[in-house]
Amino acid sequence: MPDEPYKLATSAGAPADDGRAAALAAPANALRSARVAACEAAASALAERGFVQHTAPDDHWTGTLQLPRSGASVTVTVRLPPRFPDALPKVAVAQDRLPKRLAHVDSDGTVCVVPTSNVFVDADRPVALVEEALRRATEVLDGGLLGETDADLEAEYQAYWIPTDFVPLLSLCDGDGPARQIAICDLTGGSKLIGRGLMAADRAEDVAVWADHVGSKVGSTYQGLFIPVHASVPLAAHNRGTTVMEIAQLILRHGTPAGQQLLRDAIERADYPQIIVLSMPEALAGAGRRLVAVLIKRPDQRLLKKAARGFRRGRVPAARVLSKIGREAVGRLNLQRVDLAYLGARGGATARLAQATVAVVGVGAVGSEVARNLAALGVGHIRMVDPDAMNPENVHRHALGMNSTGYAKVVGLTVDLWRLFPHLEVDGRGVGVEELLVDDPAYLLEADLIVLATGEETLERRLNRLLQDGPPRVHTWLEPIGIAGHAFVCGRPAGSGTVAKPARGCFECLYRPDDTFGLVNRTALTAPGQEIRRSLAGCAGTFSPFSPLDARRTAADAAELVARLLTGTATPPLLVSWRGLHTEFEAAGYRLSGRASQVPPGARVEVQGSEIVRDDCPICGGRAQDHTTVQAGGASSEVTP
């Protein structure tokens, strides 16, 4: 049946006195009419193909697909989702009628006909959507029965691992580690995900720290096993359990000697129930390991007594016990990894970032967002320095909210970051940076990198002098009213320690003497000599106006530079600047600098090398190699600060 012209209904010409009600009801009425019409068209198309409609327990159609290559006939059901035609029809097959497990067929029998995201659906052609869904389902089932997609079962293993016990088992275990005993702890509270569940970790102490960060409580602790193997647990067919013998054979045939011995010892000691976390290789070489977990339940005592006949308690050979309990089903657990290596990799983190320590000096509007970005990027250790408390007037341009007012910013951020990223090592010092350099200089100087986000040029010029021989630094700051934001890298290349000399081009190089205005920042897009401040409460309430979006944009640039430095894809000196559209700035009568003419509105600029270095810089002096680019709509051009 061809598609008929199909458009959303509209409401027009309503009487004036009912205009508001009609306008409010129009979108819902149009949507309802459109979907009813689409479902009627789809139903006619299915009926023409011989599908039969059923109304109980829900609306669906049943029919037969003829698979042309395998010659099979398969009964399928078709359901139109509530959002049809803005969502595709669902085609499903009864798993127990298939001769084997097929890839791209979910545990409920739904056939995957398209990816689950980023799908464009032509909602104006409901009949074509039904036809296309049935055609793709035919291809999936035909290819599966012919064995063409068997490799996909292994590649997408986690999608076909069907838990029999849905109590979450969160894992902090090192997925690449050796066979070993691990701790299994009861957890309660902290989040809806946990509610009541379990956590596996290499040490019970790790669970205690993680739970404290997210507000969970730790209960009883048990002993479990972590065993790496070189093959996968066989995927269970529909309505079929995984047995103790299948798990034992997998470990004894494909495990390490240490893992094999751990299993034998547990069986011989009758350690039941026993949770085993299995670390299996990913199908794609070099993609790491995947984890699943099983629970060997306490077997029927009669089976254990039969196995123990003629042997002393605790001395029954594992092979004999397995011969008696091998057919017993294990529980397939709902394991979810929450270790940094796994979560960080999904966010693009590397091992280098996870091992790095970054100190953030100044955690105001920009610095607080830098700290949060670094945590999200997978930096494993974050230190924060700021003497100030969180005040109500900062709420709308700070990573913290009203619930943190009155607390030291470093305290509020520590708690906040722990709850967001409980594996993170983070702490803060509520003191000024100069005081810290006197009382505990190692806190800064033994970090891998320092971010300076104080917003105070005088202080950062002083720190530039004091930290010349310290770790590499990222200075970051904003200009007011959305004019610009900057992040500047200087010092040693990351990871070079004290062996390499600091690169030429430091924070002081960004300033030049001016006969009229004194010392001027030559990277600024604001013309010198202007005081751009506002006040809501007299002199005591003056502030530099900028939006939270400005702070986040600059913090993102700074965090990106940190990641590039730590992973060796950027070297000092390097300046990144962005320019806003400046509508409000110019309307207020403020003037732009000469550099602003070199940076198009909306552009992001990177400047590296000798264009940054001042030959007469009193701190570093010298010259570096040139490399400058502008990023604006994909174009590149030369620029000088």
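A residue counts as buried when its relative accessible area is under 20%. The exercises below concern a predicted model.

**Exercise 1.** Determine how the rings of Tyr 157 and Trp 161 are arranged, and state whether these residues are buried or exposed.

*Solution.* The structure contains four aromatic pairs. In the pair of Tyr 157 and Trp 161, the ring centres lie 6.2 Å apart and the planes meet at 25°. Planes under 30 degrees apart count as stacked, so this pair is stacked. Both Tyr 157 and Trp 161 are buried.

**Exercise 2.** Classify the pair formed by Trp 477 and Phe 507, and locate its two residues in the chain.

*Solution.* The ring centres of Trp 477 and Phe 507 are 5.7 Å apart, with the planes at 85°. An angle over 60 degrees counts as edge-to-face, so the pair is edge-to-face. Trp 477 belongs to strand S16 (residues 473–478), whereas Phe 507 sits in the loop between strand S17 (484–490) and strand S18 (511–514); the pair therefore ties together parts 30 residues apart in sequence. Trp 477 and Phe 507 are both buried. Together with Tyr 511, they form one aromatic cluster.

**Exercise 3.** Describe the crossing of helices H1 and H2 and the residues at their contact.

*Solution.* The axes of H1 (residues 19–48) and H2 (residues 126–145) come within 8 Å and cross at roughly 45°. H1 is therefore oblique to H2. The crossing is right-handed. H1 contributes Ala 38, Ala 41, Ala 42, Ala 45 and Leu 46 to the contact, and H2 contributes Pro 126, Val 127, Val 130 and Leu 134. By class, this contact comprises nine nonpolar, no polar and no charged residues.

Conventions:
Residues numbered from 1 in each chain as written. Predicted model: local features only at pLDDT ≥ 70, side-chain atom pairs only at ≥ 80, totals over all residues. Heavy atoms only, no water. Axes fitted to C-alpha atoms, helices over the stretch in contact; angles between N-to-C directions. Helix = DSSP H or I, 4+ residues; strand = E, 2+ residues; numbered from the N terminus. Parallel < 35°, antiparallel > 145°, perpendicular 65-115°, else oblique. Left-handed = near helix turned anticlockwise from the far one by under 90°. Contact = heavy atoms within 4.5 Å. Nonpolar A, V, L, I, M, F, W, Y, C, P; charged D, E, K, R; others polar. Phe/Tyr/Trp six-rings, centres within 6.5 Å; stacked < 30°, edge-to-face > 60°. Buried < 20%, exposed > 50% of the residue type's maximum accessible area, 1.4 Å probe, protein only.
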